[in-house]
Amino acid sequence: MPSPTIYFIRHGQTEWNAAGRFQGTQDIPLNERGKVQAVRAGELLADILAVDSHKPERIPFVASPLGRARQTMELVRGELGMPPHGYDLDDRLREVGYGHWEGSTLVEMEKSHPELFAQRQADKWGVPPPGGESYASVALRMRDWYDSLLQDTVAVSHGGACRALMAALEVETPVSAVEIYIEQGVVYVFKDGKITKHS
């Protein structure tokens, strides 16, 4: 069976994104710019699915259970002319847990745990935030999610989860994946061992 294609969308911007605060598992809603980005991602997705000969009503849609991902998914589906709530949730798609650092900026993280911050800067893949998750552990759940897919799928998730998926599917190395900026308002297509950004 061929490997499923993933149409991956990061949630739109929130006020914490705009302020450089790490959200992790915190439920921060989209801001106005984030809503516009979600609509734009829906427009792009409509074109991509048409090129790939997919009818939106015949392809699974799945989102992280966090509110910013669900809001984004519902706006995306609206652009496709689909009912907002006809999608699944999967906890494996949630964002990297930042533990005690959730709600903090990088400067605040360094002040609160200087030694651990330095260790993590040297090894973002393997060193977890205090009380949080490492990218290495998130990659395991993202790979588990991918291996459960039966067909091409639209997913709305998070920046950290996307980086972990890139490494889990070996389209990037762990070292390169953790440094990639995952954009909002675009669609990343994981297909045939490669990733393509549509913007």
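Contact is defined here as heavy atoms within 4.5 Å. By this criterion, L165 touches F8, M142, W145, Y146 and F190, not counting residues up to four places away in sequence. The structure is a predicted model: local features need pLDDT of at least 70, side-chain atom pairs count only at pLDDT 80 or more, and totals for chains, interfaces and linings use all residues. Residues are numbered from 1 along each chain as its sequence is written, and side-chain values use heavy atoms, with hydrogens and water left out.

L165 belongs to the largest nonpolar core, which has 33 residues. A nonpolar core is a set of buried Ala, Val, Leu, Ile, Met, Phe, Trp, Tyr and Cys residues joined through side-chain atoms within 4.5 Å. Buried means under 20% relative accessible area, exposed over 50%, and partly exposed in between (1.4 Å probe, protein chains only). The residues with the most contacts inside this core are I6, F8, M142, W145, L165 and F190. At least two core residues come from each of β1 (6-10), α6 (135-147), α7 (159-168) and β5 (187-191). Helices (H or I, at least four residues) and strands (E, at least two) are DSSP runs, numbered from the N terminus. α7 gives the most to this core, with seven residues. Another core, of 20 residues, lies apart from it and includes Y7, I59, A69 and V187.

α7 is mostly covered, with 10 of its 10 residues buried. These buried residues pack against β1, α6, β4 (153-157), α8 (174-177), β5 and β6 (194-198). Just after α7, E170 takes a positive phi of about 60 degrees.

The axes of α6 and α7 come within 8 Å and cross at roughly 75 degrees. Axes are lines fitted to C-alpha atoms, for helices over the stretch in contact, and angles run from 0 to 180 degrees between N-to-C directions. α6 and α7 are therefore roughly perpendicular. Angles under 35 degrees count as roughly parallel, over 145 as roughly antiparallel, 65 to 115 as roughly perpendicular and the rest as oblique. On α6, the contact residues include Y135, V138, M142 and W145; on α7, they include G160, A161, A164 and L165. By class, this contact has 10 nonpolar, one polar and two charged residues. Ala, Val, Leu, Ile, Met, Phe, Trp, Tyr, Cys and Pro count as nonpolar, Asp, Glu, Lys and Arg as charged, and the others, Gly among them, as polar.
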